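These are my notebook entries on one protein model. I looked up its aromatic rings, the charges placed over them, and one of its sheets.

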Amino acid sequence: QPQLVESGGGLVQPGGSLRLSCAASGFTFGLNHYAIGWFRQAPGKEREGVSCISSNGGTTNYASSVKGRFTISRDNAKNTMYLQMNRLEPEDTAVYLCAAQFTYTDWYYSDPGQYEYWGQGTQVTVSS
């Protein structure tokens, strides 16, 4: 059974940094066949895309609100994906979820509806 488990969330002051991890297991094909996305959902708001990365890591995409502050990466050999978040702002407070979707090509998906597999999420709170 495919599984994604996020970790690394917590409470951080504005301007601080966090590194989220997403550990994958149980996928039928190697992780290099799956596009990965990071999404977030704040209370009362819709789930929004944060960043996504193609199956082999060659292409990335960022929401305009995080571009220049967040960096997505993946280590397919370790079955782990990362989201480095710098210069965090209170508006970044949300539950962060990673998602995976099988792809035949080295591409990504930015719409949460395109992802089949989801983790449970990790809470990120930015507050002084």
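I began with F27, which is buried at a relative accessible area of 14%. I worked throughout from a predicted model.

I counted eleven aromatic pairs. F27 and Y34 make an edge-to-face pair, with 4.8 Å centre to centre and 65° between the planes. I noted that ring pairs join F27 and Y34 with F29, F102, Y104 and Y117 in a cluster.

I next examined F39 and W118, whose ring centres are 5.1 Å apart; their planes stand at 50°, so I recorded the pair as tilted. This pair connects distant parts of the chain, since F39 belongs to strand 4 (residues 34-41) and W118 to strand 10 (residues 117-118), 79 residues apart. F39 is buried at 1% relative accessible area, whereas W118 is partly exposed at 25%.

I also checked charges over rings. R47 lies over the face of W118, 4.6 Å from the ring centre. The charged end of R19 sits over the ring of Y82, at 4.0 Å from its centre.

Finally, I traced an open sheet of four strands, which are antiparallel and ordered 1-3-8-7. Strand 1 (3-7) and strand 7 (70-75) are the edges; each has a single partner strand, so one side of each lacks a neighbour in the sheet. Between strand 3 (residues 18-25) and strand 8 (residues 80-85) I found six bridges. A23 has T80 in strand 8 as its bridge partner.

How values were computed: Residues are numbered from 1 along each chain as its sequence is written. This is a predicted model: local features need pLDDT of at least 70, side-chain atom pairs count only at pLDDT 80 or more; totals for chains, interfaces and linings use all residues. Side-chain values use heavy atoms; hydrogens and water are left out. Two strands pair if DSSP finds at least two bridges between them. Helices (H or I, at least four residues) and strands (E, at least two) are DSSP runs, numbered from the N terminus. Rings of Phe, Tyr and Trp (its six-membered ring) pair if their centres lie within 6.5 Å; planes under 30 degrees apart count as stacked, over 60 as edge-to-face and the rest as tilted. Buried means under 20% relative accessible area, exposed over 50%, partly exposed in between (1.4 Å probe, protein chains only). A charge sits over a ring if NZ of Lys or CZ of Arg is within 6 Å of the ring centre and within 35 degrees of the ring normal.
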